[in-house]
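My entries follow in the order I made them.

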Amino acid sequence: MSKVNKAILIGQLVINLPVLILVLVMPTLIVHLSNSVIYFFLSLVFGIISAWLYWAMSTPRWKLWAFKYVGVENSFYLNEQAKLRYLTWSNRGFLEFRNKRLTEELKKFEKESAEYEQIEKIKIDLSTGDSLSYKFNKKSIYVEFIVRCFLLFVGSYMLSLDTWVLGCILLLIALFYGNHFKVLRPVVKNEIGLTINERWIYISYPSKRIIDWNDAKAYSINTETMELTIEYFHDGMLESIDIKLAVFDIRDINMFAKQLNIMLERRQYKDGNQYPFSDN
């Protein structure tokens, strides 16, 4: 487990779990013991206020510990993961209780983090070429194919034993689990599945298409589900596509997101065109 993931896990245990107990468990326990709706609502209000006070006091202290634990090089990623896990709401410490020492130390870490990210962005910009191309993730697709074949075999065997319910369930899972079987063809042929440059993006799965960035309105990358969502205009109509990045051989999703942002920033700088903008 990485330091960031460990810090997030500790944050969930020391912040989110007590907040959840205060908001839900206490009112439920009180109404169970007293059997009174009035006591339930009073305890619910008390629980929400207590949970907010606890969150406001504990969050900045966890932030300070987490910053020191993961180091400045991981602080940006820590912030993003903390917001995704509902540990924090913003980088500004909205509604948090901070004393003078906490405020000064957190500002110091946030400043160092911003400076580090700026330097890293310059490094990534210099190392990013004019185009990014990715082949398919052979390992995961082959494993997925083996699992589906196994489920098909076991499901068919269950049907032969007149175990219809379990057999049908296994066959349905095998048919609809994961990616379409047609993804195997480009994988075997070792074809390029995804290409991105400053002008357009080419995707070969689940269907081949080229999207010109001039037609794109917005894009967002979900690093948890590894999906790239693009809103674009096609024949005057606004459409949306969700690209499953896990299908492609992308080793570092966070680096991919940064390189994509850099490419589109270059394009905007050259053309003066503000589309597409990032929803991240």
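**Salt bridges**

I began with Glu96, which is buried at a relative accessible area of 10%. My cut-offs: buried is under 20% relative accessible area, exposed is over 50%, and partly exposed lies in between, with a 1.4 Å probe and protein chains only. The model is predicted, so local features need pLDDT of at least 70 and side-chain atom pairs pLDDT 80 or more, while totals for chains, interfaces and linings use all residues. Numbering runs from 1 along each chain as its sequence is written, and side-chain values use heavy atoms, with hydrogens and water left out.

Which residue forms a salt bridge with Glu96 at 3.0 Å? I found Arg98, with 3.0 Å between the closest N and O atoms. Arg98 is partly exposed, at 22%. I count a salt bridge when a side-chain nitrogen of Lys or Arg is within 4 Å of a carboxyl oxygen of Asp or Glu. By that rule I get seven salt bridges.

Next I took Glu105. Its side chain meets Lys68 in a salt bridge of 3.4 Å, N to O. That pair links distant parts of the chain, with Glu105 in helix 4 and Lys68 in helix 2, 37 residues apart. Helices here are DSSP runs (H or I, at least four residues), numbered from the N terminus.

Glu105 also meets Arg101, at 2.7 Å, N to O. Both lie in helix 4, four residues apart, about one turn of the helix. Arg101 is partly exposed, at 46% relative accessibility. I also noted a network: salt bridges with shared partners join Lys63, Glu96 and Arg98.

**Aromatic pairs**

I paired rings of Phe, Tyr and Trp (its six-membered ring) when their centres lie within 6.5 Å; planes under 30 degrees apart are stacked, over 60 edge-to-face, and the rest tilted. The count is six aromatic pairs. Trp52 and Phe97 have ring centres 5.4 Å apart and planes at 75°, so I logged the pair as edge-to-face. Trp52 is in helix 2 (residues 37-70) and Phe97 in the loop between helix 3 and helix 4 (100-127), so the pair ties together parts 45 residues apart in sequence. Trp52 is partly exposed at 32%, and Phe97 is partly exposed at 35%.

Are Trp65 and Tyr69 stacked or edge-to-face? They are stacked, at 5.1 Å centre to centre and 10° between the planes. The two are four residues apart in helix 2, about one helical turn. Trp65 is partly exposed at 34%, and Tyr69 at 25%. Lys3 lies over the face of Tyr69, 5.5 Å from the ring centre. My rule for a charge over a ring: NZ of Lys or CZ of Arg within 6 Å of the centre and within 35 degrees of the ring normal.

**Cysteines**

I searched the whole structure for disulfides (cysteine sulfur atoms within 2.5 Å) and found zero. Cys149 is partly exposed at 33%, and Cys168 is partly exposed at 36%.

**Helix 3 and the surface**

In helix 3 (residues 75-84) I listed the buried residues: Ser75, Leu78, Asn79, Gln81 and Ala82. Just after helix 3, Tyr86 takes a positive phi of about 60°.

My last entry concerns Leu24, in helix 1 (residues 3-34). Leu24 is partly exposed at 46%.
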